[in-house]
Amino acid sequence: MSDDLERDLGLYATVTISMGAMIGSGIFVLPALGLKKAGPAVILAYILAGLVVLPAALSKAEMATAMPESGGTYLYIDRAMGPLFGTIAGIGAWFSLVFKSSFALVGLGAYLLLLVPLSGGLVKAVALGLAALIVVLNVVGTEQSGKAQSIIVTAVVLALAAYVINSGFAVEPTRFQPFVSKGSGGIVTAAAFVFVSYAGVTKIASVAEEVEDPGRNLPRGILISMGVMMLLYTLVVGAVVGLNDAKSLTTGGPTGGPSLTPMADGAAGLFGGVGVVAVSLVAILALTSMANAGVLASSRFPLAMSRDSLAPGRLARVSERFKTPLNAIALTGALLIGLIAFVPVVELAKLASAFQILVFSIINVALVVFRESGVDSYQPSFRAPGYPFVQVVGLVGGLALLTQMGTFPILGAAGIIVGGVAWYLLYGRPRTDRTGALGAILARRRDEEPVSSD
Amino acid sequence: MTTSHKILVPFELPDADPVPPVIAELLDSIEVVVLGHYGLPEQTPPSTARDQFETGARAELETLARPFEDTTVSTTRLVFGRARDKTIDRVAVEEGCDVILTPGRVGAVERLFVPLRGEANFDRILSFVGELLTTNDASVTLFHADVESDRRPGEELLADATDRLVEAGVDADRIGRELAEGADASQSIVDIGAAYDLMILGETEPSLRDRILGAVPAQVTSDTDDPAFVVREPRRRGVVSQAICATTDLEEHR
């Protein structure tokens, strides 16, 4: 009766999967926003963000090899730190992914309008239409398309490489002066905003049980894909900065905000109208794939929480007709559409990053809890290198980024925590009695403590 | 002298097509593994679907397995997932099945069609055909499409194959031969095979071409309405996984 998976993903497949999950709004939409915060030093922000994501990716990969049941961020944190933190992480990760998807859809709408002669004011309407379409697709159910995914990744990487190579001839060095125009604080802030550009690396964790020779291929897959993407992002963002007038990037978007189509802006100068079309097509391809994967993956959070009695049971119900978890997808879709309709674009990106940083920080703590608890059931086949220093760096780095994001994102993150606690107290606590690995540590502490005064 | 065979009979749940009763009768002395694969879209985690649909799926699988004598069904497995072909492959390896039944409709089994490609799986295919023909009085046509690269002339191959079946106790006048020249192997197999009731063919080693275009048996069995038995080498775990690296069943990022 087993339906265990086969280990058939080699290093190359692991790297492609990871890169496929990373490429999206981070590079096609965010560079102009980052430029506004950090000046040309936004290039450094991309590297800094990558360094802070890395520990969480390693931590998550280790936990994935210890918990073969298909889980994810929510599951690891819940099993490590109990249902209270599980609730916070589940809601946080859900929001983060839905925000990210809605941001990708707005970006997608912006690139689409470059191809069709319509008013820029329609970005939101187009994004809403696309969101509805993707939600319907997910409700009806889609077939596995691993091949399509790897074709998209290859096409996008080739297109980005071509972009960089060609831009080498057209970049104006003066545009990099002054490099750190907004101070080093600006770099940290920008890093926090472009954090989502690397979040996809943790997808390696969700296929960890299928990776052959995990002790070798998991860390290498993570490091190589992160390395390649850091290099690619650096070069592409460098090209975007070098090709465009800074002012047109930071104010060229809808209602005078940062441009949402920075890649295409550069392409116009590089290859003319054909370049804009080509870049837009690649961006549309990558962003559609990202938004679709985002809706699919984020609907798993309410579903998983429902199965653990942390959310109403009907969210885990699979539709008889479509064989999809209709309620979880519908709830996710409603949030997605609501966000696009009512939240300003830039705030979407900021909040997505803030929630992601929060969850990634907790992921590092979860690993420490598992390692320290010594629970017998925790037997990872891959052990993250550099423990516990890497995790501490990840946690401190994440929290440091979070504090640099400004009031609104911090309030958002705090809101998730407060909301999560409230939901847990009202709904989850009467229905659960799990304690997680943290419970094991606390119980042991109690036993070890000498019985004092009374 | 016969090698013992074990047959994997996969069903695509829910609402699977039943195996035609004549096929089930044919197998009444051969060990059968029944596999129910409950197909899911990528939106649905298999564990959730299992919780909800397992009872119904199990009942359906039981009904589907009924035409087979209880004695011949050695194992019944139920898998919820997305990668159907990969699951069939994996279960075949785990259960040591060397023949896989692909579904189709047929009213009576009177004429068998056996395309032979070359040495690969030669013994195993003929041993299986021999076993089928001992419990049934159908006629069989051995077929070969000659290609330039053949190490062995088609005439000789078919003569050798006939001898094997005769040795296995099949009356020589039940055995016919047909040799085609040139042409696209998989297309001529489908065209000629259409006139028959049941096809038995060998699975080939996956070549680079197979990985891109799909293996010949897959093309043949998807183009024909007849049921078919695909005979393969019983492989060890691990060997097979390299052959199917193109299809991976991934959990989504969350």
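Which residues in H5(A) meet Val123(A), Val126(A), Ala127(A), Leu130(A) and Ala131(A) in H6(A)? In this predicted model, they are Leu105(A), Val106(A), Leu108(A), Gly109(A), Ala110(A), Leu112(A) and Leu113(A).

**Two helices of chain A**

Packed helices in general are described by two values, the angle between their axes and the distance between the axes. Helix H5 of chain A covers residues 73-115, and helix H6 of chain A covers residues 123-140. Their axes cross at roughly 120° and come within 8 Å. The crossing of H5(A) and H6(A) is right-handed. Sorted by type, the residues of this contact are 11 nonpolar, 1 polar and no charged.

**Nonpolar cores**

In soluble globular proteins, nonpolar side chains tend to be buried together. The largest nonpolar core of this model has 164 residues. The members that touch the most other members are Ala45(A), Val53(A), Ala61(A), Ala191(A), Phe195(A) and Ala366(A). H5(A) supplies the largest share of this core, 27 residues.

Ala61(A) shows what such a set of contacts looks like. Its neighbours within four places in sequence are left aside here. Ala61(A) is then in contact with Ile204(A), Ala205(A), Ala208(A), Leu218(A) and Ile222(A), and also with Phe382(A) and Ala384(A). Another core lies apart from the largest one and has 62 residues, including Phe80(B), Leu158(B), Ala161(B) and Val170(B).

**The sheet of chain B**

Chain B holds an open sheet of 9 strands with mixed pairing. The strand order is E3-E2-E1-E4-E9-E8-E5-E6-E7. Strand E3 (73-81) and strand E7 (175-181) of chain B are the edge strands, and each pairs on one side only. From one strand to the next, the twist averages 20°.

Strands of a sheet pair through backbone hydrogen bonds, either parallel or antiparallel.

| Strand pair | Direction | Bridges |
|---|---|---|
| E5(B) and E6(B) | parallel | 5 bridges |
| E6(B) and E7(B) | parallel | 7 bridges |

E5 of chain B spans residues 111-115, and E6 of chain B spans residues 139-146. Arg111(B) stands opposite Ser139(B) in E6(B). Val114(B) has Leu142(B) in E6(B) as its bridge partner. Leu142(B) in turn stands opposite Arg177(B) in E7(B).

Terms used: Residues are numbered from 1 along each chain as its sequence is written. Chains are lettered from A and ligands numbered from 1 in the order in which they are written. This is a predicted model: local features need pLDDT of at least 70, side-chain atom pairs count only at pLDDT 80 or more; totals for chains, interfaces and linings use all residues. Axes are lines fitted to C-alpha atoms, for helices over the stretch in contact, and angles run from 0 to 180 degrees between N-to-C directions. Helices (H or I, at least four residues) and strands (E, at least two) are DSSP runs, numbered from the N terminus. A crossing is left-handed if the near helix is turned anticlockwise from the far one by less than a right angle, and right-handed if clockwise. Two residues are in contact if their C-beta atoms, placed from the backbone, lie within 7 Å. Ala, Val, Leu, Ile, Met, Phe, Trp, Tyr, Cys and Pro count as nonpolar, Asp, Glu, Lys and Arg as charged, and the others, Gly among them, as polar. Two strands pair if DSSP finds at least two bridges between them. A nonpolar core is a set of buried Ala, Val, Leu, Ile, Met, Phe, Trp, Tyr and Cys residues joined through C-beta atoms within 7 Å. A residue is buried if 20 or more other C-beta atoms lie within 10 Å of its own, exposed if 12 or fewer, and partly exposed in between; C-beta atoms are placed from the backbone.
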